[in-house]
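Me: I would like to go through the calls made on this structure and ask what each one rests on. Please set the values against the definitions.

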Amino acid sequence: MGMFDDAQGVLMSTTEKVFGVLATWVSSLSGSTFSGNVLVSSPNNKILIGDTNKFQYRPYDYFFEYFTGQFDGLKELTDSGNIQTVTIDGPSLYVREVYTKDDGKTYIAFCEKQ
C-alpha cells in the first residue's frame with residue numbers, strides 16, 4: 001500500500017468510529033454475518049415540492065457509506081439482483097444499489113426502508 005492508501009484507511013476508520021452507526025448484514029448467499037460502523041444518511045429532512053408550501057419525505061432515500069473489506073460481497077450480490085437486507089441502528093433496510101466512489105475503495109449503498 002502507498003502512503004495515500006494508508007492515510008485513507010486510517011481516516012475512514014477514525015471517521016466511522018466517531019460518527020458511524022452500527023450496521024449488520026447477513027449475506028443471502030453464504031449466511032455469513034458482517035457488521036461494522038458505517039456513515040448513514042436517513043430521510044428525516046423534509047423536501048420542498050416545487051414552488052408550493054408542501055413538503056414530502058422520501059422513505060427510499062436512505063444511504064450508507066462504507067470502506068472496502070467491511071461488507072465483502074454486498075455490491076456483487078446487489079448488482080446480480082439479489083435483495084439484501086441491512087440493519088442499521090434498529091431499522092431494516094433493503095439495499096437497492098451499491099456504487100463505488102472514485103477511489104474504488106469507498107462504497108455507497110442506497111436503501112429503502114423495509
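**Calls and their grounds**

Reply: Thr78 has its place in helix H2. Helices (H or I, at least four residues) and strands (E, at least two) are DSSP runs, numbered from the N terminus. The model is predicted: local features need pLDDT of at least 70 and side-chain atom pairs count only at pLDDT 80 or more, while totals for chains, interfaces and linings use all residues. Residues are numbered from 1 along each chain as its sequence is written, and side-chain values use heavy atoms, with hydrogens and water left out.

Me: Why is Thr78 called buried?

Reply: Buried means under 20% relative accessible area, exposed over 50%, and partly exposed in between (1.4 Å probe, protein chains only). Thr78 has 9% relative accessibility, so Thr78 counts as buried.

Me: Which residues is Thr78 in contact with, leaving aside its neighbours within four places in sequence?

Reply: They are Gln84, Val95, Arg96, Glu97 and Val98. Contact means heavy atoms within 4.5 Å.

Me: What makes Asp79 and Lys75 a salt bridge?

Reply: The term requires a side-chain nitrogen of Lys or Arg within 4 Å of a carboxyl oxygen of Asp or Glu. For Asp79 and Lys75 the N to O distance is 2.8 Å, so the pair meets the definition. Both residues lie in helix H2 (residues 74-79), 4 residues apart, about one turn of the helix. Lys75, at 19% relative accessibility, counts as buried.

Me: How many salt bridges does the structure hold?

Reply: There are 3 salt bridges. One of them joins the side chains of Lys101 and Glu65, at 3.3 Å from N to O. This pair links distant parts of the chain: Lys101 is in the loop between strand S7 (92-100) and strand S8 (106-113), Glu65 is in strand S5 (residues 62-67), and 36 residues separate them. Lys101 has a relative accessible area of 36% and is therefore partly exposed, whereas Glu65, at 16%, counts as buried.

Me: What does the salt bridge of Glu112 and Arg96 tie together?

Reply: The side chains of Glu112 and Arg96 meet at 3.1 Å, N to O. Glu112 lies in strand S8 and Arg96 in strand S7, so the pair ties together parts that are 16 residues apart in sequence. Glu112 is partly exposed at 30% relative accessibility, and Arg96 is partly exposed with a relative accessible area of 41%.

Me: Why are S6 and S7 called paired?

Reply: Two strands pair if DSSP finds at least two bridges between them. S6 and S7 are joined by 4 bridges and run antiparallel, so the pair meets the definition. Thr85 has Tyr94 as its bridge partner in S7. The two strands form a hairpin with 3 residues between them, and Asp89 in the turn has a positive phi of about 50 degrees.

Me: How many bridges join strand S1 to S6?

Reply: 3 bridges join strand S1 (residues 21-26) to S6, and these strands run antiparallel. The bridge partner of Thr24 in S6 is Thr87.

Me: Which strands make up the closed barrel?

Reply: The barrel has 6 strands, in the order S1-S2-S5-S8-S7-S6, with antiparallel pairing. Within it, 6 bridges join S5 to S8.
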